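Here is a quick walk through one model, from its overall fold to a few residues that deserve a second look. Keep the viewer open as you read.

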Amino acid sequence: EFDHGAPVDAVLAFPSGTACISAGGNVVKVWDVVQGGRRIAAASNHQKAITCLAFDAKAGRLLSGSLDRQVKVYDVSDYKVVCSLSYPASILSIALSPAEDCLAVGMTGGYLSLKHRKIEAKDESVPGVVRPGTYRYYARGTKKKPEERD
């Protein structure tokens, strides 16, 4: 048993199973499960009770939602806030898509917010290769023979 010190509204375990996070009141606490429940860290960045927790896909960022209408994003290496998002109503639940391109936030009053983030695709083209359909492909002329890389 761990004593959070306030009623616990949300609990989240790390994928490794070695630690867990509890949210009670306006405090997030990180517990070392392997060493018998020793508190590793604590963060109090919300003004009202924290109602939900979520990880990003790699468990490198922790998201917390609160009745203060804020979602806070923490870096799990030092539990410092790296981003804060404001919403029009108190937050009851949050979820992040596995691709990390959509944040879903459930709020009081029946509101649901979906925020999409555009993730830029990496350009996997080979430098110097003239691709069909490009201006350079047609500008080189019809008498040019394809090179080995074409």
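Start with the burial scale: buried means under 20% relative accessible area, exposed means over 50%, and partly exposed is what falls in between (1.4 Å probe, protein chains only). On that scale Lys115 is partly exposed, with a relative accessible area of 35%. This is a predicted model, in which local features need pLDDT of at least 70 and side-chain atom pairs count only at pLDDT 80 or more, while totals for chains, interfaces and linings use all residues. Residues are numbered from 1 along each chain as its sequence is written, and side-chain values use heavy atoms, with hydrogens and water left out.

**The fold**

Along the sequence the pattern is β-β-β-β-β-β-β-β-β-β-β-α. Of the 150 residues, 37% count as buried. Take contact to be heavy atoms within 4.5 Å: among contacts with a separation of 6 or more, 26% join residues 24 or more positions apart.

**Two cores**

A nonpolar core here is a set of buried Ala, Val, Leu, Ile, Met, Phe, Trp, Tyr and Cys residues joined through side-chain atoms within 4.5 Å. The largest one has 18 residues, and those touching the most other members are Phe14, Ile21, Val28, Leu53, Phe55, Leu62 and Tyr79. Strands E1 (8-13), E2 (19-24), E3 (27-32), E4 (38-43) and E5 (50-55) each supply at least two residues of this core. Which residues does Phe14 contact, leaving aside neighbours within four places in sequence? They are Ala19, Cys20, Ile21, Val30, Phe55, Ala59, Val76 and Tyr79. Apart from this core lies another, of twelve residues, including Cys52, Val71, Val73 and Tyr87.

Most residues other than glycine have a negative phi, so the pair below is worth a look.

| Residue | Phi | Relative accessible area |
|---|---|---|
| Arg69 | near 70° | 42%, partly exposed |
| Tyr79 | about 55° | 13%, buried |

Arg69 is in the loop between E6 and strand E7 (70-75), whereas Tyr79 lies in the loop between E7 and E8.

**The largest pocket**

On a 1 Å grid over the protein atoms alone, a pocket is an open set of points where a 1.4 Å probe fits, with protein on both sides within 12 Å along at least five of seven lines; lining residues have an atom within 4 Å of a point. The largest pocket has a volume of about 350 Å³, counted as the space filled by probe spheres set on the points, which are joined across faces, edges and corners. Of its 15 lining residues, Leu63, Val73, Leu96, Glu100 and Arg117 are the closest to the centre. Strands E6 (61-66), E8 (80-86), E10 (102-107) and E11 (112-116) give two or more residues each, and E8 has the largest share, with three.

**Back to Lys115**

Lys115 is found in strand E11. Its C-alpha is 5.2 Å from that of Leu103, twelve residues away in sequence. Not counting residues up to four places away in sequence, Lys115 touches Ser86, Tyr87, Asp101, Cys102 and Leu103.

Terms used:
Helices (H or I, at least four residues) and strands (E, at least two) are DSSP runs, numbered from the N terminus.
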